[in-house]
Amino acid sequence: MPEKKIGNQTLQFNSKPKLLSWSSIVGPMEGKGPLGKHFDLVLKDNLLEGDTSWEKTEQKMMQHSMEIALEKIKLQAGDLDFYLAGDLLNQIMNANFTARFLGISFLGLYGACSTLTEGLSLAGMLIDGGFAKQVGVSASSHYDTAERQLRYPTEMGVQRPMTAQWTVTGAGSYIVGKADSGIQLTHATIGKVKDMGVSNANDMGTAMAPAALDTIKAHLQDLGRSMSDYDIIITGDLGVLGTTVLKELFHKEGYPTDNISDCGLLIYGPDQDSHSGGSGCGCSSVVLNYLLGQMLNKKARRILLVGTGALLSPVTSWQGESIPCIAHGVVLEYYG
Amino acid sequence: MREKEEQEARERLSKRQGNIQPPTVFDENLKTRLEKEMLQDHQKAVMWEAEAVNGGKEKYKSLRQEIEKQQQQLQQIVINNYKKDTQKLAQKQTVVKNTIWAFFVGGLICTFGQAVALLFMNGGLLEKEAGSATTVILIFLGALLTGLGYYDEIGKVAGAGSIVPITGFANSIVSSALEFKTEGFIYGVGARLFTVAGPVIVYGLAVSLVIGLIYYFI
């Protein structure tokens, strides 16, 4: 039996790695949303001044968020042992360029919108395994870079269906390391790929809900916990429809769902016309900033963040394949 | 030895077939057991097939394919059940409202086009010439509104009402041009200008050819 693995899918970090610092940068629409004041920087435009492409802006958002996170605790990039990052672009180019800038050992991640929790899980493993003292984790997404890649040109006059979600323009960075106090990373549950045959790129919530269900169930089973052991169980970006589906699936199996929420529900207000809520790597990456703030204010002591990723490729999508989905969970606790 | 194993695998295969007959509602345990069993048998079949191929024979291929077929059947049942459960949860598209908007905005664009055409005819152009001139004006306006960032806002409420008229065609080309201009004029604008409009042009041409032929013969 592996020493630090509990049950089938859950890892326990005995050395209790802490979240030392974090930071978030969002676009103007996210800034106008209900969580706007909880982000470190709200851009005035989806394109930074002087940039010739949205990709450049997204890359800078990721990089700047890491720099702010480092500066908050007066560290240098060189103080990090590893950098783990990912985004939604082909070949995760934003992460690659950011890693080029930071100049530290780098592992690129692709887990679609589960990238952040994938990164935090791996950071926990690196630290708990004694391979690293401090690890940087970033994830980003950008409305305009994602839309052009996965759907239509942004200026095209098409009607988005009500099931569609709005890709969050945002980047979040986290530094995980060892410390005496702070918000601690106690467990991670690594998900399995689930595919329920949904092939509609405008309905990712329904596609991802079974993956979230599977991971949350496995997590509770592995640790012998129940829903009520958490102040909040929050999924990454299921959106309005996906959250409804997830709750329905849980109801069917007799679980209570009172403390289930979703980052994609929190980030936009009802008047912002996002249709089914937010999505993208950036969604959980920036909303976690807000959640950690709430934890520091003692509004929540233990949360389970379940990043949900729709592993969608336009190529296989056009070939008629469905969307495989994955979800990874991390447990964060604060008793300060 | 191998024959006996194959025999067993085939027996399991036919036994499973009894379980996998749509429409079926599975209990989770049975599903998990079947999935696991199929994975194991499939793995064996792949190995046996590989060994047979190396020995210059074609054997075990049918066994592998039959297991794959079962795996797909099981997956399909699960997919159908999930679809049935979730379909009713999706918020319905507001069809009536969308249709009304599409009718009026589409109608407005066409009325505007007609007015322009009449103006041209008043100015002395023949009906055919006025039609061409109007097309040019509408395409220009569609492109301009796209460039200024208004056309997608119109499209959001009007739907087909602003996609079907020729202004929508202009929008699909100009929006692609704007989108891919960052990749340069060759690989970006040049190569991807017709990403959206391409299929319309290709099949529009194909259909007009067919209709032209029919017209020629009757």
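## A buried phenylalanine in chain A

A:Phe13 counts as buried because 22 C-beta neighbours lie inside 10 Å of this residue. The model in which this is seen is a predicted one. A:Phe13 belongs to the loop that runs between strand 2 (10-12) and strand 3 (18-26) of chain A.

Once the neighbours within four places in sequence are left aside, the residues in contact with A:Phe13 are A:Gly124, A:Asp128, A:Leu185, A:Thr186 and A:His187. A:Phe250, by comparison, stands 237 residues from A:Phe13 in sequence, and the C-alpha atoms of the two are 28 Å apart in space.

## The two domains of chain A

Chain A is divided into domain 1, which covers residues 5-177, and domain 2, which covers residues 183-333. Taken over C-alpha atoms, the centres of these two domains of chain A are separated by 17 Å. To the contact between them, domain 1 of chain A contributes 57 residues and domain 2 of chain A contributes 61 residues.

On the side of domain 1 of chain A that touches domain 2 of chain A, helix 4 (residues 115-128) of chain A gives the most, with 7 residues. Sorted by class, that side of domain 1 of chain A has 26 nonpolar, 24 polar and 7 charged residues.

## The two domains of chain B

For chain B, the domain assignment gives domain 1 as residues 2-87 and domain 2 as residues 95-217. The centres of domain 1 of chain B and domain 2 of chain B, again taken over C-alpha atoms, are separated by 51 Å.

## Helix packing in chain B

Helix 2 (residues 28-54) of chain B and helix 3 of chain B have axes that come within 9 Å and cross at roughly 155°, an angle that makes helix 2 of chain B roughly antiparallel to helix 3 of chain B. The crossing in which helix 2 of chain B passes helix 3 of chain B is left-handed. From helix 2 of chain B, the residues that make the contact include B:Leu34, B:Met38, B:His42, B:Ala45 and B:Val46, and from helix 3 of chain B they include B:Leu63, B:Ile67, B:Gln70, B:Gln71 and B:Leu74. Charged residues take part as well, among them B:Glu35, B:Asp41 and B:Glu49 of helix 2 of chain B and B:Lys61, B:Arg64 and B:Glu68 of helix 3 of chain B. By class, this contact has 7 nonpolar, 3 polar and 6 charged residues.

Helix 4 (residues 95-122) of chain B and helix 6 of chain B have axes that come within 8 Å and cross at roughly 135°, and these two helices of chain B are therefore oblique to each other. The residues of the contact divide into 6 nonpolar, 1 polar and no charged.

## Where chain B touches chain A

Between the chains, 28 residues of chain B are in contact with 22 residues of chain A. On the side of chain B that touches chain A, two or more residues come from each of helix 3 (61-87), helix 6 (151-158), helix 7 (160-163) and helix 8 (166-180) of chain B. Helix 8 of chain B gives the most to that side, with 7 residues. By class, the side of chain B that touches chain A has 10 nonpolar, 14 polar and 4 charged residues.

Technical notes
Residues are numbered from 1 along each chain as its sequence is written. Chains are lettered from A and ligands numbered from 1 in the order in which they are written. This is a predicted model: local features need pLDDT of at least 70, side-chain atom pairs count only at pLDDT 80 or more; totals for chains, interfaces and linings use all residues. Two residues are in contact if their C-beta atoms, placed from the backbone, lie within 7 Å. Helices (H or I, at least four residues) and strands (E, at least two) are DSSP runs, numbered from the N terminus. Domain bounds come from an automatic or database domain assignment. Axes are lines fitted to C-alpha atoms, for helices over the stretch in contact, and angles run from 0 to 180 degrees between N-to-C directions. Angles under 35 degrees count as roughly parallel, over 145 as roughly antiparallel, 65 to 115 as roughly perpendicular and the rest as oblique. A crossing is left-handed if the near helix is turned anticlockwise from the far one by less than a right angle, and right-handed if clockwise. A residue is buried if 20 or more other C-beta atoms lie within 10 Å of its own, exposed if 12 or fewer, and partly exposed in between; C-beta atoms are placed from the backbone.
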